[in-house]
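Hi,

Here is the structure I promised to pass along.

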Amino acid sequence: MLLAMTPGEIEAALQAAIARCDAMNYPLNPQQQQILRQVVLESLCKEGLINSNRQEWQEINPLDELTLEQRQSFLQFVREKERQERPWKVQLMNDWLQERDSGSVQFIRDRFGLSWLNRIEPSHFEKYVEIDDEPPMKLKVGDRIEVSNALWEWVQDEGPCSRQWFVCTVLQVNEVRNGEDIITSCIIRLINTGMEYEIQGIYQWNRYYWRWLQR
């Protein structure tokens, strides 16, 4: 019953419909796919057939749709391409355009397709990566992230001085080798004030105080 369907289940059904269009040689471009999602969601909400809203729909994490094994293979693939400084999305797209096998992540093309790939944002990885883990995606100049005020003032999880998040732009990323370890720092500029800060150990001791921009 539709009443029991979650936004994730509805998205899976839409993915199946999009894949069927591809199989019948009537592929939908990304704009058409987005229109389809919007119309279906709005219609179901209007008719009261699902207990959902636009915010919940937007918060669906595409990585939730992978099995544990698929997710591990995908994260490993992303990390490997990041170490090689090769954009992982570009690599997959080139494989698909040139009909090359993508190895351990070939299942993305076979089962999920371009529309799923286009939904992936850097913030989606955070749910499946522990603070001490190597980040799947590394920061680059021009990236938008959010930083916590805990970087420069005392805050509490609850209370008058609570944690707040501020959008900023990454201006510079520096890596310094310390023995076998590589310590990364970056310079950011806050969007609201224009002030610039340098964050030391952004993947190490300060990883808890920043996150990818929540879209």
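**What I found**

Ser123 sits in the loop that runs between α6 and β1 (144-148); helices (H or I, at least four residues) and strands (E, at least two) are DSSP runs, numbered from the N terminus. This is a predicted model, in which local features need pLDDT of at least 70 and side-chain atom pairs count only at pLDDT 80 or more, while totals for chains, interfaces and linings use all residues. Residues are numbered from 1 along each chain as its sequence is written, and side-chain values use heavy atoms, with hydrogens and water left out.

Back to Ser123: its relative accessible area is 15%, so Ser123 is buried (under 20%; exposed is over 50%, partly exposed in between; 1.4 Å probe, protein chains only). Leaving aside residues up to four places away in sequence, Ser123 touches Trp212, Leu213 and Gln214 (contact means heavy atoms within 4.5 Å).

Lys127 is exposed at 55% relative accessibility, whereas Asp64 is partly exposed at 38%. A search of the whole structure gives eight salt bridges.

Another one joins the side chains of Glu99 and Arg109 at 2.8 Å, N to O. Glu99 is in the loop between α5 and α6 and Arg109 in helix α6, 10 residues apart. Glu99 is exposed at 60%, and Arg109 is partly exposed at 25%.

Arg109 turns up again in the second largest pocket: of the 15 lining residues, the closest to its centre are Asp22, Arg109, Gly113, Leu114 and Ser115. On a 1 Å grid over the protein atoms alone, a pocket is an open set of points where a 1.4 Å probe fits, with protein on both sides within 12 Å along at least five of seven lines, and lining residues have an atom within 4 Å of a point. Its volume is about 320 Å³, the space filled by probe spheres set on the points. The largest share of the lining, seven residues, comes from α6.

Finally, among the buried residues of α4 are Phe74, Leu75, Phe77 and Val78, and what covers the buried residues includes α5 (88-97) and α6.

Best wishes

Methods:
A salt bridge is a side-chain nitrogen of Lys or Arg within 4 Å of a carboxyl oxygen of Asp or Glu.
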